[in-house]
Amino acid sequence: MTENDGLILITLFCLPLLSAILLMLIPSKERSLIIGLTGIASSLMFIVSIYVFLSYDFNSTAQYQGIFSLSWVSDIGFIAKDGIQLKVGIDGIAASMILLTGIVILAGTIVSWKIQYKIKDFFILLYILVAGVFGTFAMLDLFFWFLLYETAVLPMYLLIGVWGSTRKQYGAMKLMMMLVAGSILIFAAIFMIFAESQLGTFDMQALSSVQFDRNFQILVFPLIAIGCGTLGAMFPFHAWSPDGHASAPTAVSMLHAGVLMKLGAFGIIRLGFQLLPEGGQYWGPGLMTLGIVAALYGAISALKQTDLKLMTGFSSISHMGYVFLGLGTYSLIGISGAVLQMFAHGVMTALFFLLIGAMYDQSHNREIPNFSGLAAKMPIWSIFFVIAGLASLGLPGLSGFVAELHIFIGTFQSYPIIGGLAVLTAAITATYLLRMFSTMFFGEFNEKWNQLNDMNYLEKAGALILAASILFLGLWPSPWMNRIADSIQLGIPGVLM
Amino acid sequence: MSIGMQQSWLLTLIPLTSFLIVSLFGKKLPRQGDWIVVLSGSLCFLITLLIIGDFQSFFHGHGFEPDGNNIYNFDWINIPNYLLIEYSTFVDAITVVMLFVVSLVGLMVIIYSIGYMQGEQRYHWYFSLLAFFLAAMFTLITTGNLLQLYLAWEGVGLGSYLLIGFYWEKQSAAEAAKKAFITTRIGDVGLLIGIIMLWRVAGTFDIQTIIQLAQESTFSDGYLTTAMIFLFFGAVGKSAQFPLHVWLPDAMEGPTPVSALIHAATMVVAGVYLVSRMLPIYTLLPIAQNLILITGLITALLAATMGLLAQDIKKVLAYSTVSQLGYMFVALGVGSLTAAMFHLFTHAFFKALLFLGSGSVIHATHKQDISQLGGLKNKMPITFVTFSIGALSLAGIPPLSGFWSKDEILLYTSEFGAIFYGLLLFAALLTAIYSTRLVILTFFGTPKDQEANDHAHESPKLMSVPLLILAFFATVSGFFIFPFVGNLVGFDSGFSGIVYLDHPHDFHIELSTMLVAISVSLLGVLIGYLYWLNADGRRAENAKEWAPEVRNLLLNNYYFDNFYQAIINKFILGLASIIAWFDDQVVNRSGIDGSAQIINYIGFRLKFLQTGKIPNYVLMMALGIILFSFIMVVNY
Amino acid sequence: MIALENFLILSTILFSIGFFGVLSRKNAILILISVELMLAAVGINFVAFASFFDTSQLSGHIFTLFVIAIAAAEVGLALGIIIRLFRDRNSVNIDEANDLKW
Amino acid sequence: MFSKIPLPDQFDRLIITGGIVTASTTLFILSILLILKFLDFISYTEVFFWLISTGMIIGALASVLLKNIVHAVFSILAPLLGIVAIYLFLGSEFLALAQLLIYGGGVVILLLFALMMTNVQDQPLVEDGSQKPFSIIICILIGLILISRLLSADLNLSTVSSAELSVLAGVIFTDFLIPFLLVGLLLDIALTGALLNGKTHNVVATKRDGD
């Protein structure tokens with residue numbers, strides 16, 4: 001990425017904001033105009049995110065690329081020169097996550113066009129959320145990072161509360177309360193870092209060159225890990241996740257499980273590992289323990305769930321457990337595996353929620369035992385579901401395997417027994433997914449669901465984008481691997497090789 | 001460009017391409033695209049022959065001496081100083097044997113399927129899956145590194161899952177597919193752990209490098225033993241060995257040609273292939289090797305007894321497959337790569353033949369229960385003859401191929417220990433008995449179901465020709481053990497000169513063991529003949545009274561299924577219930593909602609403070625100010 | 001000359017008395033009066049400090065001016081509210097205006 | 001008939017008692033101050049200052065302690081007007097003028113009007129809140145804390161500079177022009193709001209009723 005590409009990054013996060021403003025100006029009655037505008041906006045975001053991903057410069061030895069900054073608060077009180085600035089820049093990890101967001105938002109937009117109730121307001125909130133997500137991934141200033149982090153979280157309350165289903169008030173409230181509680185810890189940590197550095201600046205680049213006191217790092221890292229871990233559904237702070245997913249509308253579930261949960265893990269890397277490397281190293285085993293517990297816990301809980309979305313929610317907890325496991329290794333392979341898993345799980349779980357939404361919109365029923373033989377009535381839907389499921393259980397050639405393999409290898413390097421448990425979790429994942437397949441898709445068709453139709457062309461288009469990403473990552477992960485490994489080597493000090 | 005060992009990646013590419021074409025556009029193609037799969041199968045067979053030719057040119061009487069041209073590398077993930085995962089192919093004697101088996105049986109099964117699957121719905125899907133399976137299988141056997149092996153291992157597992165579940169409208173098929181996948185997946189956990197453990201010390205996935213490092217004893221023995229046992233666990237799952245053998249009989253829910261291809265000749269021998277591949281390491285580790293031997297022996301015996309009373313024609317064959325795979329593991333356990341590979345080689349042909357023959361019977365009568373069959377020998381002569389060849393070969397009657405390979409295993413086992421030899425002989429006796437029973441109940445006697453019998457007819461040429469070809473190989477492949485037969489096809493020293501572990505050795509015949517083996521086989525056939533032929537079911541009735549407990553035990557497959565089901569129901573789902581309860585009650589109710597309720601309660605208790613009188617609030621504020629002032633004063 | 005402390009102590013005493021009025025009175029108008037007293041006390045402080053320290057800027061004087069202006073506005077508005085309250089409940093006893101109570 | 005009018009009676013009593021009390025205390029304090037003056041402890045300026053401060057404090061105490069509302073409201077005049085003198089002491093004539101006009105002229109009249117409109121049943125006596133004892137303690141505490149902080153502070157400055165009107169005007173209309181205008185706007189809005197709020201038929205309320 002060259003210097004000029006910093007403008008692209010700014011564009012990336014202004015694009016959804018601008019679209020949201022444009023949407024506000026359009027009257028609600030102009031449905032086709034709204035759909036057209038959102039289509040163009042999301043496609044643009046998709047294209048720009050691909051451009052950002054591809055323009056990563058391997059020859060650069062700088063930690064961040066495409067840096068572009070606008071000073072906002074400077075030389076006032078305890079804030080030094082350029083203390084708070086709108087500063088964007090990416091590394092390979094952020095580039096991967098931006099691509100993920102681009103993919104998921106495009107698919108999510110496409111499937112949201114069938115929303116009938118207040119579609120305009122839905123998209124406005126969705127785009128504000130997306131602006132927050134893009135901004136968080138690209139921002140290099142702690143102040144704006146936190147601002148956009150919150151921007152990404154808050155519209156969720158309305159999106160679930162208004163457009164959700166089943167226990168939406170409860171789900172939205174629980175989600176909001178827990179995430180905001182987590183944010184408080186991050187907020188505290190950010191200001192502790194700010195104060196401790198005595199630089200008077202929120203610039204991450206400047207802060208990452210500061211060598212913080214070891215005890216301080218050990219003290220502050222848990223704040224970040226728990227705060228961000230809450231958003232990443234880390235055990236035992238995961239309780240919002242299944243309920244939130246179960247009640248959220250399709251596109252929101254997709255974005256939430258697909259992208260927003262990754263913000264949590266991303267925060268641990270950005271704030272935790274890059275600013276407080278010694279703290280990360282010290283707490284690595286703890287993170288790992290929580291990760292493996294979450295992986296097993298989520299997988300075994302999923303065995304018992306009968307609601308399709310709850311099962312996927314617990315499956316997400318299990319897969320995010322892998323992410324924390326990989327982060328906890330504090331090794332190059334482990335962390336790359338974790339980032340790759342973030343991408344892989346993002347795409348795969350987005351596909352899951354898209355498919356569940358496609359079915360739920362018709363049947364208004366998500367209980368697995370109520371269905372059987374759906375493959376006869378909805379073959380394409382079933383095929384997509386099987387692809388997502390196989391990716392989820394870590395079948396080689398699909399996205400999940402590459403990521404999980406790296407995490408397993410990383411774990412085995414230092415803790416073989418935990419690695420063994422992690423591999424076992426993959427088998428449990430296979431068990432609950434295959435049980436679900438054989439109950440829902442196979443067997444004799446239940447005539448009760450005769451009115452169900454296969455996916456419409458919009459849903460097919462959305463699913464195709466995601467399934468293609470799953471296959472692409474599974475068959476040719478090198479583009480991701482190179483970027484991520486490069487950035488980890490440059491950005492995280494003292495990482496185990 | 002000449003096609004040789006380096007181009008073995010073509011074997012992956014061609015079927016994969018045809019899989020993509022047929023699965024995506026099959027419905028619109030003429031004949032639903034089955035000809036594409038036939039074409040790719042034939043091409044693969046041709047390429048295999050070319051590879052064998054290339055292999056031969058590097059074969060100099062006393063072994064295979066490649067000059068590095070049997071290896072092909074392509075970087076898949078390469079991050080310098082960090083992780084190298086490559087796509088690599090490696091061809092040696094083991095690969096060549098496997099290639100021949102897979103491509104030949106594969107081609108036969110594809111051709112046979114055109115007749116067998118005629119008119120089925122999802123016809124193109126079936127053929128595309130066959131192509132997919134072949135692609136994965138070829139990848140598996142040509143791989144040069146363990147990770148790619150794992151990839152292909154899961155690939156064949158997926159192919160098997162989808163093909164077993166091909167008739168997914170049947171709940172039993174769906175359940176069987178699930179069972180097969182999950183059971184092998186449990187084995188795969190071990191495989192993956194083993195692979196990563198090896199990587200951890202060796203720093204590479206390349207098989208030859210790992211073997212070399214292990215032989216230079218770079219690793220500690222205990223660690224290596226653990227890793228290799230985990231690796232073997234993967235083989236146990238895939239090759240349906242005790243205690244993970246339960247999935248294979250159920251897998252017979254799939255279409256019969258699939259059973260022939262996947263669950264007899266190719267995929268299930270992947271475990272044997274893996275252990276053979278790693279045998280140079282296993283020979284260094286007595287504990288691991290003894291484990292292989294014992295596992296193989298237990299499986300061979302157990303499966304043979306289960307096969308005795310099975311009612312389903314395909315299940316009998318499935319049990320016999322499990323049992324014969326046990327034989328192969330016994331051979332590997334005693335360290336004889338030659339014997340194991342040779343049995344794999346011959347077994348593939350006669351077992352595929354048996355399955356295709358049973359498919360022919362099922363196709364004609366639409367019946368699978370052997371107690372419902374009978375008297376078909378005149379109606380279906382070709383099937384009868386070829387099936388009998390297969391069965392006798394299985395029983396170990398000379399000069400059919402099964403005799404030679406089984407004799408080789410028995411010979412090595414006799415050198416190893418008398419107990420193993422005796423038990424294995426007993427298993428051979430049982431094998432002979434149930435093979436005889438199978439043939440007699442299916443083709444001899446009077447028809448039990450006259451109507452089905454009337455409709456029965458010889459299968460079309462598309463099905464009978466593969467039967468004949470396989471029967472030919474089932475007959476002659478055993479002779480390949482003689483050096484002079486090897487000379488005929490260009491290999492100076494016959495099979496034992498091609499596949500060997502440390503040094504080439506000549507095939508030798510111990511006349512005594514051979515005679516013992518022959519007599520045991522003949523005894524088995526005789527018992528079977530006397531017991532079932534012309535007995536009019538009288539003896540079968542008697543058997544029900546004799547030792548009903550044993551009979552029940554055998555009919556229920558030693559209650560393995562019930563045992564596993566109980567584990568799943570009681571233990572795993574119990575644990576899941578506990579965790580679900582924990583999540584619901586402790587984390588959700590107590591942790592999250594509980595904290596909300598605590599705050600709610602505190603608010604309820606403290607609401608008396610909320611008098612609604614403004615002066616009270618101001619008073620509180622004043623108190624706060626005073627408190628604050630005091631703190632300030634103290635601080636100064 | 002009168003020292004600065006004298007003004008400040010006077011202002012403090014007036015402030016405390018005003019605060020006492022706010023705390024102890026029930027009649028809304030009397031509370032308002034007490035608030036005015038407090039504001040006046042603060043005004044003394046501002047002006048005193050400005051006179052003694054800030055000779056050139058005059059910020060304290062101007063601030064007091066603003067305080068007076070805003071206090072006037074506040075009185076007007078507050079009395080409006082009180083009259084409304086009286087019309088609503090026929091009383092200006094603020095203990096009776098306790099709708100905020102749970 | 002006259003006996004039915006209670007106001008003159010009360011008024012008489014007010015004048016008589018209030019006058020006597022005020023006069024005697026004032027005289028007492030004045031005499032003490034004058035004695036101090038003649039003993040050369042203090043100057044005339046200080047005599048005035050102490051006199052005025054004492055008056056302010058007594059007035060303030062009266063306004064918060066008296067049970068009679070009307071008396072309380074009248075008592076507030078003492079501190080409010082005393083401040084005018086204090087401002088003069090501090091050399092700020094303009095502020096003194098403004099204070100006189102706004103408080104003495106405007107606010108107190110407004111308060112009396114409000115009192116008149118809210119006490120139709122001629123019950124000028126009110127009860128105080130139940131937290132009076134606490135309030136006394138707390139206010140004394142606050143006062144003591146503040147005074148103790150004051151006395152311990154180092155305030156050795158005694159130059160009084162007068163804020164000349166022309167200077168003040170210059171500052172107001174240059175540096176503080178925008179806040180000044182905004183305050184004017186605020187007053188306008190507040191008056192409008194008070195007017196709307198005090199209207200009998202509230203527009204907003206009726207609209208909500210029909211909703």
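Of the four pairs of chains in contact (heavy atoms within 4.5 Å), chains C and D share the most contacts. The model is predicted, so local features need pLDDT of at least 70 and side-chain atom pairs count only at pLDDT 80 or more, while totals for chains, interfaces and linings use all residues. Residues are numbered from 1 along each chain as its sequence is written, chains are lettered from A and ligands numbered from 1 in the order in which they are written, and side-chain values use heavy atoms, with hydrogens and water left out.

At the interface of chains C and D, 63 residues of chain C are in contact with 81 residues of chain D. The two chains bury about 6700 Å² between them, and carbon and sulfur atoms give 79% of that area. Buried area here is the accessible area (1.4 Å probe) that two parts lose on being put together, summed over both. Phe20(C), Arg25(C) and Ile68(C) supply 10% of the area that chain C buries against chain D, more than any other three residues.

About 770 Å² is buried between chain D and chain B, 79% of it on carbon and sulfur atoms. On the chain D side, Gln131(D), Ile138(D) and Ile145(D) supply 60% of the area buried against chain B, more than any other three residues. Across the interface of chain D and chain B, too, zero salt bridges are found. Chain A, in turn, does not touch chain C, and the nearest C-alpha atoms of these two chains are 21 Å apart. Nor does any contact join chain A and chain D, whose closest C-alpha atoms lie 21 Å apart.

Within chain B, two helix pairs are worth a look. Helices are DSSP runs (H or I, at least four residues), numbered from the N terminus. Their axes are lines fitted to C-alpha atoms over the stretch in contact, and angles run from 0 to 180 degrees between N-to-C directions. The axes of helix 13 (residues 286-309) and helix 18 (residues 418-443) of chain B come within 9 Å and cross at roughly 30°. Helix 13 and helix 18 of chain B are therefore roughly parallel to each other, as angles under 35 degrees count as roughly parallel, over 145 as roughly antiparallel, 65 to 115 as roughly perpendicular and the rest as oblique. The crossing of helix 13 and helix 18 of chain B is left-handed, meaning that the near helix is turned anticlockwise from the far one by less than a right angle. Residues of helix 13 including Leu293(B), Leu297(B) and Leu301(B) meet a set in helix 18 that includes Phe420(B), Leu424(B) and Arg437(B). The residues of this contact divide into 15 nonpolar, two polar and one charged. For these classes, Ala, Val, Leu, Ile, Met, Phe, Trp, Tyr, Cys and Pro count as nonpolar, Asp, Glu, Lys and Arg as charged, and the others, Gly among them, as polar.

In the second pair, helix 14 (residues 313-333) and helix 17 (residues 401-416) of chain B pack at an angle of about 45°, with their axes 9 Å apart. Helix 14 and helix 17 of chain B are therefore oblique to each other, and their crossing is left-handed. Gln324(B), Tyr327(B), Met328(B), Val330(B) and Ala331(B) in helix 14 meet Lys406(B), Ile409(B) and Thr413(B) in helix 17. By class, this contact has five nonpolar, two polar and one charged residues.

Over all chains the salt-bridge count comes to 17. One of them joins Glu253(B) and Lys170(B), whose closest N and O atoms are 3.2 Å apart. Glu253(B) lies in the loop between helix 9 (247-250) and helix 10 (256-265) of chain B and Lys170(B) in the loop between helix 5 (146-164) and helix 6 (171-202), so the pair ties together parts that are 83 residues apart in sequence.

Two cis peptide bonds complete the picture. The bond from Phe235(A) to Pro236(A) is cis, with omega near -5°, and the bond from Phe242(B) to Pro243(B) is cis, with omega near 5°.

Notes:
A salt bridge is a side-chain nitrogen of Lys or Arg within 4 Å of a carboxyl oxygen of Asp or Glu.
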